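Dear colleague,

I am passing on the structure we spoke about, with its sequence, and below it you will find my notes on what turned up when I went through it. Please read them with the structure open beside you.

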Amino acid sequence: MPIKYPVELNATNKRSDVITIQKLLVKQGFSLKIDGLCGNKTINSIREFQKRLMIYPNSYVDINGKTLRFLNSNKMTTLNNSNFHSVGIGRKFDVTTLRLSQSGINLLKNYESLRLKIYDDQTGKEISHYIKGATIGYGYLIRNTSEFEEYKNGISISQAELLFSKVLVTHENAVKKYVKVNLTQSQFDALTIICYNNGIGNNSRGFGGSTVVKITNGESSENLDLAWKAWNKSQGSISMGLIKRRETELKIYYKVNYTRS
């Protein structure tokens, strides 16, 4: 089934071409309304299909391109290269019903590590006065000098668990607030873990206004993996630890693999 013009997010898409692509996507197993409108669900489906074919999906269907050629295949196009990511495993749920899984909790605690004395998040050294980056428990960032005074003599394991639970709920709720589409459990876990690490925010420097969220919601055709991996700096310098952490989060997102990279 040919198309006359390319189909993509920001193009003036010809209705008959969009209908053709929607029919081909349905044939490949996607659940879509065939209405000729190139909306978020159609764009998301194009991108998810492309993840079976290429490392960097772009949500663009060219008239003579690889995406259209494989869409027209009589066979269901499946992943055949272990270096490529699948589209995520498992049933998708209303995001507002999800909580971080126990596997996600275990991994997040493993990353943050338990510290019962206040330390500098950048150096890992214990500190005796408040600085930006003062941290305790499972990566709990101390907000001000008065809170520093509250915890200056250290905390118990039970206090650390309470702080962790309190902060975790805040970040789970942030994912529920900003993500507008259904997610698998592992996708929710990965998004919550990266939100916990990078902060909520509502601009491009925090989770709320990030490109990752826009791509997830189908509001951007940029590459999710590249946007995710762009969060690789600590105090302006590239961190190998963050590079590995982003790799782990993407393994969770796509493959339900919770082992650390």
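**Aromatic pairs**

The count of aromatic pairs, with ring centres required to lie within 6.5 Å, comes to 6. One of these is formed by Tyr-140 and Tyr-151, whose rings are arranged edge-to-face, at 6.3 Å centre to centre and with 90° between the planes. Because Tyr-140 belongs to strand E3 and Tyr-151 to helix H5 (residues 145–151), this pair ties together parts that are 11 residues apart in sequence. Please keep in mind throughout that this is a predicted model.

**Two helices side by side**

How do H4 and H10 run relative to each other? Their axes come within 13 Å and cross at roughly 180°, and since an angle over 145 degrees counts as roughly antiparallel, the two helices are therefore roughly antiparallel to each other. On the H4 side the contact is made by Leu-107, Leu-108, Tyr-111 and Glu-112, which meet Lys-244, Arg-245, Thr-248 and Ile-252 of H10. Sorted by class, the residues of this contact are 4 nonpolar, 1 polar and 3 charged.

**The largest pocket**

The largest pocket in the model has a volume of about 1700 Å³. It is lined by 43 residues, of which Asp-121, Gln-122, Leu-141, Asn-197 and Asn-198 are the closest to its centre. Several elements give two or more residues each to this lining, namely the helices H4 (102–112), H6 (157–178), H7 (185–198) and H10 (240–255), together with the strands E1 (115–120), E3 (140–141) and E4 (233–234).

For the second largest pocket the volume is about 560 Å³. Of the 23 residues in its lining, those closest to the centre are Asn-44, Ser-45, Glu-48, Lys-92 and Asn-182. Which elements give two or more residues to this lining? They are helix H2 (40–50) and helix H8 (211–216), and H2 gives the most, with 5 residues. By class, this lining is made up of 10 polar, 7 nonpolar and 6 charged residues.

With best regards

Terms used:
Residues numbered from 1 in each chain as written. Predicted model: local features only at pLDDT ≥ 70, side-chain atom pairs only at ≥ 80, totals over all residues. Heavy atoms only, no water. 1 Å grid on protein atoms, 1.4 Å probe; cavity = no way out; pocket = protein on both sides within 12 Å on 5 of 7 lines; lining within 4 Å. Points joined across faces, edges and corners; volume = space filled by probe spheres on them. Helix = DSSP H or I, 4+ residues; strand = E, 2+ residues; numbered from the N terminus. Nonpolar A, V, L, I, M, F, W, Y, C, P; charged D, E, K, R; others polar. Axes fitted to C-alpha atoms, helices over the stretch in contact; angles between N-to-C directions. Parallel < 35°, antiparallel > 145°, perpendicular 65-115°, else oblique. Contact = heavy atoms within 4.5 Å. Phe/Tyr/Trp six-rings, centres within 6.5 Å; stacked < 30°, edge-to-face > 60°.
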